[in-house]
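Thanks for coming. I will go through a few contacts in this model, starting with rings and ending with a hairpin.

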Amino acid sequence: MEPPPAGALTRDCLIHIFTFLEAAELSRAARVSEAWNDAAESNWLWRKLCLVRWIFCSLSDVEDGINSWKKYYIHRSKIEQHMASGCGGADYTCITFRGHRGRITGLQYWSNPDNPFDTMNGKSVVCTTSTDCTLRAWSIQEVGTGEGTLITLTIPNLNQISRLSLIDVNPVDFLLVSPDHKYAIAGSKSNEVLTKVLRTESLMDGLDDDRLAADSLQINSCFTACWLPKASSRVVTMTKANAAGFQKSIITFELMCQTRKNKIEIQGKQVGNFTYEDAGWNDLLLEGHGINTIIIAHNTEMKLFSIDGVQLASYHEHKNTISGISVDPFRVVTASMDLSLRVYTWKRQPNRRLSLESNYHLLGGSHMRSRGFTNVVFDHGSIVGTVQTHDGKDVLKAYNFNV
């Protein structure tokens, strides 16, 4: 490249000046001259814009053709724009997947939870479990058991590493792994069953039933739980506060490991506690956000709380029971038996309190064939819900957002 004429700014000076520009301004600057275009196309500048806008960014393992930070920024921005708008046809396509011969009992993306955008070469794959005793994987662009047993498998070959009897007689109703993959919490909705927190490392080492009591933290009468994703050792538990069960205790624990007599013990320090009133039966949904925000859904209402019980907001968008919630750092999606999905985005109020802005809803079809949505998950460019049908053969509804 020829040296700049006398009095012209050098490429390094231009790049420094361009660091003060937003993406749209940087694109316009690239059209001024050949020298400005060369500076504005700098991978360093676009990488900086990506890291300012998104916490997790990587050019590895993304779609073919996205080989520069500028392409990455434009690609991801377009998907987010479509997800924020949610206009049928213009912003997304909806596909129905059939195949199970029973109720769908589990739904999860087969992706890296730490880097949801940069996975599967840009393709979303969803795994489902069903009462028809099958596990299926679905490419939407083109685990606990009923016997109280926790089975640890390898990926992708699904070879068994360990088999552990967590709960006698009762099924494992929830099994959640912490964001840093250090702990797992498993429990049942039965009142007489102890919920157990285990180290995932011990599961990989083949923890047997005899060591379970010594190597796990046990919590009384916990029938659901969630992790706080930005504080990966914080687990939120929901237990009955009284015998009638119409009050629930929401307790947040900070987990830690201590070594005593050559044994590693899990200990939990209580860092938050409050009572949730008029909760009814054990049909509440519980999710976490950040380091101290809790989401509780019951019937048609969804509420935000701090871990100390300060109510931050309340939402009544659905006409029937909320049956599923999915949360990430940018948005929340709820599923309902009214056969709709509601999409929200996180907002910070002037008083620094978190709230949600309701953007739009997605419809799941007709009640002539379906009872309603029972669960929902989403990733960087798609939303997938499970639909309970009248004939007992549940289906998936996949909403793929356009690029």
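The model is predicted, so local features need pLDDT of at least 70 and side-chain atom pairs count only at pLDDT 80 or more, while totals for chains, interfaces and linings use all residues. Residues are numbered from 1 along each chain as its sequence is written, and side-chain values use heavy atoms, leaving out hydrogens and water.

Rings of Phe, Tyr and Trp (its six-membered ring) pair if their centres lie within 6.5 Å; planes under 30 degrees apart are stacked, over 60 edge-to-face, and the rest tilted. There are eight aromatic pairs in the structure. One of them is Phe18 with Trp36, edge-to-face at 5.5 Å between centres and 70 degrees between planes. Phe18 sits in helix H1 and Trp36 in helix H3, 18 residues apart; helices are DSSP runs of H or I with at least four residues, strands are runs of E with at least two, and both are numbered from the N terminus.

Next, the hairpin. Strands E7 (residues 174-177) and E8 (residues 183-187) pair antiparallel over four bridges, where pairing requires at least two DSSP bridges. Val177 is opposite Ala184 in E8. Five residues lie between the two strands, and His181 in the turn has a positive phi of about 60 degrees.
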